[in-house]
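This briefing goes through one protein model, topic by topic, and is meant to be read alongside the coordinates. Please keep the structure in view while following the points below.

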Amino acid sequence: DTVKDNVHVSHHSGSHRSNMRDLPEDILLKVRDLTRIDVDIYNVALRQFMEEIAWLESKAALGRRVLCDDVLKHLEPELSYLPSADGKGTNVTKIYMEAIDR
């Protein structure tokens with residue numbers, strides 16, 4: 001208990017960003033260059049995850065939705081800055097719909 005009392009927690013409110021979209025364009029370009037391979041890997045993993053969700057929702061598994069539209073709507077703006085394979089922003093709903101159509 002005394003160890004817990006000695007822990008210092010500091011919150012920085014002055015320069016905290018809630019998302020990447022608020023960064024200046026030149027910074028976003030630098031981040032994009034630094035994370036190009038990460039984005040490719042993330043897109044592959046996102047597609048695989050959506051395929052697993054589609055299987056989970058299929059009649060062979062649960063037979064009901066587990067990923068609701070509200071979650072997809074929330075993820076759209078959070079991931080739209082990531083370039084997809086076609087060069088446009090990542091569209092989570094489209095990836096999900098493609099997965100359930102297979």
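In this predicted model, the largest nonpolar core is made up of 13 residues, and those with the most contacts inside it are L46, M50, L67, L72, V92 and Y96. Helices α3, α4 and α5 each supply at least two residues of this core, and α3 gives the most, with five residues. As a general background, nonpolar side chains in soluble globular proteins tend to be buried together.

**Overall architecture**

- The secondary structure of the protein comes to five helices and zero strands, so that, as helices are numbered from the N terminus, the elements run α-α-α-α-α from that end.
- Of the 102 residues of the protein, 21% count as buried.
- Among the contacts in the protein with a separation of 6 or more, 47% are accounted for by residues 24 or more positions apart.

**Packing of α4 against α5**

- The axes of helix α4, which spans residues 69–79, and helix α5, which spans residues 92–101, come within 8 Å and cross at roughly 125°; α4 is therefore oblique to α5.
- On the α4 side the contact is formed by L72, L75, E76 and L79, which meet V92, T93 and Y96 in α5, and the residues of this contact divide into five nonpolar, one polar and one charged.
- L72, one of the core residues with the most contacts inside the core, is in contact with M50, R65, L67, V92, T93 and Y96, once its neighbours within four places in sequence are left aside.

**E57 in helix α3**

- E57 is placed in helix α3, which covers residues 36–57, and this glutamate counts as buried because its relative accessibility is 11%, where the cut-off for buried is under 20%.
- The side chain of E57 makes a polar contact with the side chain of Y96, at 2.5 Å; Y96 is also among the α5 residues that meet α4 and among the residues with the most contacts inside the largest nonpolar core.
- Leaving aside neighbours within four places in sequence, E57 is in contact with G63, R64, R65, V66, L67, Y96 and I100.

**N43 in helix α3**

- N43 is likewise found in helix α3, and with a relative accessible area of 11% this asparagine is buried.
- The side chain of N43 makes a polar contact with the side chain of T90, at 3.5 Å.
- Not counting residues up to four places away in sequence, N43 touches P83, S84 and T90.

**N91 in the loop between α4 and α5**

- N91 is found in the loop between α4 and α5, and with 32% relative accessibility it counts as partly exposed, a class that lies between the buried limit of under 20% and the exposed limit of over 50%.
- A polar atom of the side chain of N91 lies 2.9 Å from the backbone nitrogen of K94.
- N91 and S80 are 11 residues apart in sequence, and their C-alpha atoms are 6.4 Å apart in space.

Technical notes. Residues numbered from 1 in each chain as written. Predicted model: local features only at pLDDT ≥ 70, side-chain atom pairs only at ≥ 80, totals over all residues. Heavy atoms only, no water. Axes fitted to C-alpha atoms, helices over the stretch in contact; angles between N-to-C directions. Helix = DSSP H or I, 4+ residues; strand = E, 2+ residues; numbered from the N terminus. Parallel < 35°, antiparallel > 145°, perpendicular 65-115°, else oblique. Contact = heavy atoms within 4.5 Å. Nonpolar A, V, L, I, M, F, W, Y, C, P; charged D, E, K, R; others polar. Buried < 20%, exposed > 50% of the residue type's maximum accessible area, 1.4 Å probe, protein only. Polar contact = N/O pair within 3.5 Å; in protein donor to acceptor, adjacent residues only side chain to side chain. Core = buried A, V, L, I, M, F, W, Y, C linked by side-chain atoms within 4.5 Å.
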